[in-house]
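Please open the model in your viewer and keep the selection tool at hand. We will take a short walk through it, one stop at a time.

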Amino acid sequence: MQTRLSYFCIEEARPGMVLGALLTVVTDGVLRFSLPSGHVLTEDNLFQLAAHHAEVIYVQEPDPRSAEEAEAEAAMATARVNSIFAGADLANPVTAALFAQVLRFRTA
Amino acid sequence: MKRALTREKVLATANRLPSFPRAIQGILATLDDPAASARILDQFVRSDPAVAARILYLANSAAAHGGRRDRISNLPFAVSLIGHRKVRELVMMSSLQGFIHSLAERGAGQWLWSHGLAVSICCEEVSRHVAASPLGGAALIAGLLHDVGQLWLIRFEADAFAEVQRVARDEAVSIDLPEKEAFGHDHATIGAWLAENWLLPDPIVQGIQYHHQPDSALDEPLVPIVHIAEVLSHALDLSQSESRVGYLSAQACAKLDLTWNADSQHLFGRIEGRSRHANALLWAA
């Protein structure tokens, strides 16, 4: 099955989730805790993450959508982003760059 | 101009508004003194059952997902588990949630709270992303209160403000333009007058005042952050309202050394994850 990357708050995290990127907890400039990309979270990890006050994790989730469903969702997301930016000045390079990144985020 | 609002006219209504939450003043006054800040938070957490319930919920949620079977009912342990910073954030959000709803009339509270919450999370995450100091929670408060001037307009100039909203919608212009036309000032200025009157620190007042026109006050630490945060909250469609990206200041982005590139995906993901969680937590209680 294909996967997709999503962010979750630590309270939403569950054992068995697979990290999509290196996870580090840094406090006052000191590395307190880290887990590698691809690590499968255990119950102990989740308690340790809570105890180290981690907030958000990046997870590789199963993506059960067919190619057609993914394409249809991307088309809807594109229409929504276009509507949100309809009044924006896309000739301004900064606004255009934000638009491009939001579009990428919504259609990933 | 149909009617000229002045600072004096706006502040003359202050005694008809609910009191600004004392917890916020206490937290802001003790940011440089962790022991005093912890005492203030402890007092507030013990005196507010809704905040205590949310802290216990968060601690139990974290503990349960970590496989812990027994239920945490000890508040100091719950506070130590979720951390001082998160408790402070929760106290500020909870007290301002009650304040905004008591200030709001005509059903505006829910929309402005939802939008303020989204902007406050964007403020904190943008600060973190560009490694700017979040000024000990000031970014969060500025985000939550940036549109408080609109609440004042809805309460005291309801009909005229409804017309302003109609013009902004029909002509697809930023709302500050018809506001200035109708009242002589926009909601950002009215909000800044109120924030000053509540004795909020100057960076918060400036962040509210210039969130639509950041280029004239870019050296104020919260001005570029609140401006960009509001644009992002619309771009990511986070508020329970009509999202519309208008003006984005290139100078504000440059001031923060913020470039929209592949790294922005992580910023967007963090904002979306935190917003989803904050909405669930704060609406559930």
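Start by selecting the interface of chain B and chain A: 11 residue pairs are in polar contact across it, both residues at pLDDT 80 or more. A polar contact here is a pair of N or O atoms within 3.5 Å; within protein, one must be able to donate a hydrogen and the other to accept it, and residues adjacent in sequence count only if both atoms are side-chain atoms.

Now colour the helices of chain B. Among the contributors, H16(B) gives the most, with 11 residues. Helices (H or I, at least four residues) are DSSP runs, numbered from the N terminus.

A word on what you are viewing: this is a predicted model, in which local features need pLDDT of at least 70 and side-chain atom pairs count only at pLDDT 80 or more, while totals for chains, interfaces and linings use all residues. Residues are numbered from 1 along each chain as its sequence is written, chains are lettered from A in the order in which they are written, and side-chain values use heavy atoms, with hydrogens and water left out.

Stay with the two chains and show their contacts, meaning heavy atoms within 4.5 Å. You will find 43 residues of chain B in contact with 35 residues of chain A.

Next, pick A:Glu55 and B:Arg128. They form a salt bridge, with the closest N and O atoms 2.9 Å apart. The count between chain B and chain A is six salt bridges, each a side-chain nitrogen of Lys or Arg within 4 Å of a carboxyl oxygen of Asp or Glu.

Then move to helix H7 (residues 108-129) of chain B and select B:Glu125, which lies in it. Is B:Glu125 buried or exposed? At 2% relative accessibility, B:Glu125 counts as buried (under 20% relative accessible area, with a 1.4 Å probe and protein chains only). Beyond its neighbours within four places in sequence, B:Glu125 is in contact with B:Leu267, B:Arg270, B:Ile271 and B:Arg274.

Last stop: the cysteines. How many disulfides are there over all chains? The count is zero, a disulfide being a pair of cysteine sulfur atoms within 2.5 Å. The closest cysteine sulfur to that of B:Cys123 is in B:Cys122, 7.4 Å away, so it is too far for a bond. B:Cys123 is also buried, at 0% relative accessibility.

How values were computed:
Helices (H or I, at least four residues) and strands (E, at least two) are DSSP runs, numbered from the N terminus. Buried means under 20% relative accessible area, exposed over 50%, partly exposed in between (1.4 Å probe, protein chains only).
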